[in-house]
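Please look through the sequence and the model shown here before reading on. The report that follows takes up a few selected places in turn.

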Amino acid sequence: MHNQRRYPYVTIPPGATPLPNPTPLQSYPYEIEHNAPPGELSNPWDRTPTALNPNGRPGELRSRSRTRSAYEPVPSTIAFPEPELHRFASQRTTLYPHSPRHRPSKSDDGHGSLPPSRDHVTSAPFTPVTPDSASSIHYLPEDDWEAPVNQLTRELSNVSLHSEEGLRRFQAGRLAEKDEEWHRLVPAEAQEALGKKEVERQSVLFELFKSERDYVEDLKLVTEVFIEPLQFANPPVIAPDKLRPFIHEVFYNLGQITVHHEHMLAALFERQLDQHPLVQSVTDIVLETCFQFQSDYESYIKHYPLAEERHRTELSRNKSYQAFMQKCSQNPRVRKRDMITFLSRPVTRLPRLHLILEHIHKITQPGHPDLEDLPLLLSILSDFLKSTQPGIAAAENRVKYWNVCESLTMPKGEIIDLDWYNESRSLVYSGPVARRSKSEMDWHPWTDLFVALLDNYLLLTKEERGAGGILKRYITSRPIPLEYLKLGSFDGQPESRKERSEEGGILDSLRAQYKPIYPFTIYHSADKLIRRYTLYAPTESAREKWRDAFIEAKGIDDVRRDANKWFAPQLVDDGTFRSPGAHTLRGFGSKASGRVVNAVSFTAAGGKRLLAVGCATGIYVGSRGDTSFRKILSYGNPSAIIVLQDFNKFIVHHESYLLSYSLDLLARVAMYQAPASSLDASLEKIAGGDGTVLFCSAGRIKQRMIIVYALKSFFQITVHALEACNLSELRRTPSRGSQSTILSFRPFGEALYVPKDAYSVTPLAKTIAISTEKGIVIADPTDSARQMVSVVPDFSGATCNTDMADLKTRCEDAKPLGLIRAESGEILVVYDTLGCYITKHGVPSRKSGFIRWETKATSFAHRGSHVLLFSSEFIEIRSLSTGRLDQVIEGNDIRLLLHTNMRSHSVDDTLLVAMRGTKDDKDGVSDKIIELVQTAEFSSMQAPMTSTPVEGLWDEWDM
């Protein structure tokens, strides 16, 4: 029930007169027990006989008033009964009798009928009530109880008036700090009457009022002293375009929290004015506000570590901000506190509030309502504080992660995309370790490292302090992706590390100290010998923490990547194609198909999907998903298989020949609808009669389907281009024509002479790229005047550019594999060990930076926005635009099945890969064929990204 009175008052029934020579017990029978020790009251919450009629008259309503007592003189023949002390709202006993005369106040509105008191005392300037000042109040001696009570009640009323004035000055913050205590605003005799426990409880409640007032003042100070001057600073302290994001990131929703506490403080002050000096409870006020501010506090607390770090970063980098903070610290209201103190106030406020309320609960006497209400409030606050701990830990971890990333210094020239700005990135564990120096001549055989385990990479760094004390961490070894990270031994015996004596001197070596260190081993799975690291933890427990952190990080990384694959491997076949193995019976070798080297899928007439597989013993064709494949052609280990679906052509590069068959007829033979001998009628020899075909490829050049092949004859290599033709476009040839006439293809441009070390060709939009040992040659077979465009990358500027010179050296030691056009308008040059970006003119871009692959690639493929690099044990999938490692697929004896199925668009190509299968029995070792299917996000309904070039982008270079 809401309290209606600020002070206890005395109700004296009409016609009562004072008792002659009353004793204290007779005067206040409900306050002092007969056998109670001095200063102790009976239960102040017990109901009095007049509790049901607090106004003294049953059924009469009375307006709220300031301290008031009713006293009317009556004949002395009427006995004076004991007064009853109570409060209006709580209907409980009160503790102090007051004068029937008092100063008018706001609560007296509506009581104009009461005559003004002749004994009204004008209040003097406020002086806190102390034991010394309280002693100046005149008390009647115990043997003089017949004296009038007017003087005592009038003096107590004056004390109350002084207390109210001091209370308002306290709430306004105009009271001296030494006087901001409950006992300084309450008379000493009142404190003695309340008892020690209630005095302690009221003091703690007063501390709650005081701390809440100070807290709100600090929240307002942040806006008035820091935020507003920062917004209107001239000249600007922070760049205008960065000011608003900075204020939001540092101060976040502090304004919303301020509004909540301003409302709560107003309610608390009103309750204090209403019930002082005996405040019954504030639980209802705090509980109501607690429900309102939880969401805002949760957001702020979880964001606080980020806000603190943003402030510290700006403070270390911006001299204007440093000067601004220095100026703000001179404000008297700040009291030499820094910004971090104010930013952390909401974080520490709720735990402090919880402690105060917990203290109140402990000292609350039995029978008080707070014994039932406070546990609920404490439970809500406690649960809320616990719920914010994971958020705080996550934010603190995020700050540590940023600190590590910002302190890193990458190797010069290398492009390493650690995916820093991904919101899901985090720091799993970090700490100092030691590593034994590789140099035998090093007098100090140990190197101290700082190792950081991120959720996607392991970083080995060496710390150094730069100018101004800025910490820099230099990468000592290439970051290891968690997909490639493997754990070695973690149970090795401790070793001793020799350390110098701190005292120094000539005999350092004799006084050297030996400290035990604990080894553990990790290694890169693609380079087990060279990239193997034995690190030393300072303690056994630290080594165990590293082990647990590795296991946890790799487990989480495996689950996350398995659920977010860019390319999903789908099994096509495992068991049909076998090679002789350890369990193979003698003589079985002639029946095995042999190792799979090529495969291509196509669609036969009627829509049936077929798969052609080139093996060591020939070319097999069968239905996808069926284990019964039929051997159609006896070309063992074909170098390439090309299917031109729109032109009904099945092209095979076998040894020195390039041959073509009818695709429809091949499908009919595979499905037993035509004899195998019927294929000979559709055979066309494309090349190989006058030389040896080294390599071939197919693609669309200038909107035409082109077959490109290299022919070696005598001491030179020539590259030829043929255009595939439909039946309607074929010219009629004379019946007496030679057998070598190619009916389905016609020349496209002129033959190109290329270096002898050429080994592959890649069709581009308007030209072709020929890979050689010294680089990639760009040529145009249709323009005889400028057939040789350039050798890329163009390192002509390497003499005056050290970065380009370094890139040139690296590229000369690598083997070029081909080119890929990127969406950014650049070209990615793919080498076996690295990649680099060039402009459309062939000049290295991105400051001549390069990307190092984790494995040595033997081939590559381009699909969508990714480049896939194939080695014998790994398929490395990277972002085409940034080089970021997005996925790794492990296997054994991995092969990209070099094939081409040229349909309307290259993205329709199925990407088939072979690797060692799961079966190894008497039938031999199986080869597993999988298809890499590009995935899409669940929320995305659009087609996968493709790197379709902008029209006209390559016109200037004619690519």
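## Charges over rings

In this predicted model, the charged end of Lys 815 is placed over the ring of Tyr 759, at 4.7 Å from the ring's centre. Another such arrangement involves Arg 473, which lies over the face of Phe 450 at 4.1 Å from the centre of that ring.

## The chain as a whole

The protein chain contains 15 helices and 41 strands, and 50% of its 959 residues count as buried. Of the contacts between residues at least 6 apart in sequence, 62% join residues that are at least 24 apart. The chain exposes about 48000 Å², of which carbon and sulfur atoms supply 52%.

## Aromatic pairs

The count of aromatic pairs comes to 16. One of them is formed by Phe 293 and Tyr 297, an edge-to-face pair with 4.8 Å from centre to centre and 65 degrees between the planes. Both residues belong to helix H8 (residues 283-317), where they are four residues apart, or about one turn of the helix. An α-helix has 3.6 residues a turn, so residues three or four places apart point the same way. Phe 293 is buried, with a relative accessible area of 0%, and Tyr 297 is likewise buried, with a relative accessible area of 0%.

Tyr 429 and Trp 546 make up another pair, and because their ring centres are 4.7 Å apart with the planes at 85 degrees, this pair is edge-to-face. Since Tyr 429 lies in strand S4 (residues 427-436) and Trp 546 in helix H13, the pair ties together parts that are 117 residues apart in sequence. Tyr 429 counts as partly exposed, at 25% relative accessibility, whereas Trp 546 counts as buried, at 2%. These two residues also belong to one aromatic cluster, which is formed by Tyr 429, Phe 490, Phe 520, Trp 546 and Phe 550.

Is Asp 557 buried or exposed in the model? Asp 557, which is found in helix H13 (residues 540-563), is buried, with a relative accessible area of 0%. When its neighbours within four places in sequence are left aside, Asp 557 is in contact with Asp 455, Leu 482 and Glu 483.

## Helix H11 and its cover

Helix H11 (residues 345-363) has 19 residues, which at 1.5 Å a residue should span 27 Å, and this agrees with its end C-alpha atoms, which are 27 Å apart. The buried residues of H11 include Arg 345, Arg 349 and His 354, and among them are also Leu 350, Leu 353, Ile 356, Leu 357, Ile 360 and Ile 363.

Which elements cover these buried residues of H11? The cover includes helix H5 (196-231), helix H7 (254-275) and helix H10 (339-343), together with H8 and helix H12 (370-407).

## An open sheet

Four strands form an open sheet in the order S12-S41-S40-S38, and their pairing is antiparallel. Strand S12 (567-579) and strand S38 (895-896) are the edge strands, each of which pairs on one side only.

Within this sheet, strand S40 (residues 911-921) and strand S41 (residues 924-934) run antiparallel and are joined by eight bridges. Val 913 stands opposite Ile 930 in S41.

How values were computed. Residues numbered from 1 in each chain as written. Predicted model: local features only at pLDDT ≥ 70, side-chain atom pairs only at ≥ 80, totals over all residues. Heavy atoms only, no water. Helix = DSSP H or I, 4+ residues; strand = E, 2+ residues; numbered from the N terminus. Buried < 20%, exposed > 50% of the residue type's maximum accessible area, 1.4 Å probe, protein only. Contact = heavy atoms within 4.5 Å. Areas by Shrake-Rupley, 256 points an atom, 1.4 Å probe, with all protein chains shown as cover. Phe/Tyr/Trp six-rings, centres within 6.5 Å; stacked < 30°, edge-to-face > 60°. Lys NZ or Arg CZ within 6 Å of the ring centre and 35° of its normal. Pairing = 2+ DSSP bridges. Expected span 1.5 Å × (residues − 1).
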